[in-house]
Amino acid sequence: MSWVLEQEEPLLLAELKPGRPHQFDWKSSCETWSVAFSPDGSWFAWSQGHCIVKLIPWPLEEQFIPKGFEAKSRSGKNETKGRGSPKEKTLDCGQIVWGLAFSPWPSPPSRKLWARHHPQVPDVSCLVLATGLNDGQIKIWEVQTGLLLLNLSGHQDVVRDLSFTPSGSLILVSASRDKTLRIWDLNKHGKQIQVLSGHLQWVYCCSISPDCSMLCSAAGEKSVFLWSMRSYTLIRKLEGHQSSVVSCDFSPDSALLVTASYDTNVIMWDPYTGERLRSLHHTQVDPAMDDSDVHISSLRSVCFSPEGLYLATVADDRLLRIWALELKTPIAFAPMTNGLCCTFFPHGGVIATGTRDGHVQFWTAPRVLSSLKHLCRKALRSFLTTYQVLALPIPKKMKEFLTYRTF
């Protein structure tokens, strides 16, 4: 088993709010559709609505997340920090921002690319942020300077989600309402290298497995598509949800895939075999809510914790839930209104959530000391497929544990 160092209800650490009033002349303009931490945990990006992205150095200034976990709130207006330290940046994208993704860190090949085409950019390790926009454009920004580096054109509608390959190759995948996914190579001046077609509805979400072998895409459909990141061909469709799938995420060892749907369920899959391993049902918690409303628990977002032992989900019933991987019911709840997205801090302990009113909130997350068994499983599954594990000359119970069949 694993040792839980912190097992309490999530506490609100901080809340950031847009620094300007809502613009009611747009149908949608103020939502925080995406939040993201850089892979090394040094930056936080927030699509705060109004076509603006905030790039905020992490951790927040010490007074916002003190040792005692006192909750603080903060306006997004301050643009400066201490002398010599990184400064907050405001990226004006010119369009409503839907998707955000940081490149892996560091990315040495990009440093040469940007230095060649943008001599004004300092010669530093180049962390970039991709932003997916309402008009189908993708803008690539250099985080350290806030400079716009590339503008990728190809999509015909909203770019809803973005995902970089974790390997550092600067391959970017985009998911769009034009029902396609597109593959871009930022080391080749942002060249579009593939278009993936097959979805019949808007594509909401895309996620690349940590071993860079698979791509999962979720559209307004009951099935989920799994693609090969080597051949860019469809591997299989995962069938099991009863309504639109809107969010997906791979476990850190690539051995599990979770999908969240408007049908109020999260399904945990083995992406290698296509088997459905477990369902997590989002039942009503507040009896005062109207049970006749079938959409009250519709899911918006699901994500794995960095060590792979927890899940976080955001649903329309105004709750953030935290689930332990091997339990069928949540271990913790936090009240949040109009939640749209969630993500874990890459080193654990914090969950960031975005809301429909443009806010972003930071919550405490369980801190866990992984068991030696789980660490061994995670290490093995990072390079062995389910089929390779099943072929090993080891006891059946060990195979079941390594393939997550002990739920």
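**Chat about a predicted model**

Modeller: Over residues 371-407 the chain is 59% helix and 0% strand, with the end C-alpha atoms 16 Å apart; helices (H or I, at least four residues) and strands (E, at least two) are DSSP runs, numbered from the N terminus. This is a predicted model, where local features need pLDDT of at least 70, side-chain atom pairs count only at pLDDT 80 or more, and totals for chains, interfaces and linings use all residues. Residues are numbered from 1 along each chain as its sequence is written, and side-chain values use heavy atoms, leaving out hydrogens and water.

Colleague: What does UniProt list for residues 371-407?

Modeller: An unreviewed UniProt entry gives "domain: SOCS box" there; such annotations may be inferred rather than shown by experiment.

Colleague: OK, switching to the open sheet: what's the strand order?

Modeller: β3-β4-β5-β7, 4 strands with antiparallel pairing. Two strands pair if DSSP finds at least two bridges between them.

Colleague: And which are the edge strands?

Modeller: β3 (35-37) and β7 (89-92), each pairing on one side only.

Colleague: How many bridges join β5 to β7?

Modeller: 4, with β5 covering residues 52-57. Leu55 stands opposite Lys89 in β7.

Colleague: New topic, His241: buried or exposed?

Modeller: Buried, at 4% relative accessible area (buried is under 20%, exposed over 50%, partly exposed in between, with a 1.4 Å probe and protein chains only). His241 is in the loop between β19 (234-238) and β20 (245-250).

Colleague: Which side chain does the His241 side chain make a 2.7 Å polar contact with?

Modeller: That of Thr259. The His241 side chain also makes a polar contact with the Asp263 side chain, at 3.1 Å. A polar contact is a pair of N or O atoms within 3.5 Å; within protein, one must be able to donate a hydrogen and the other to accept it, and residues adjacent in sequence count only if both atoms are side-chain atoms.
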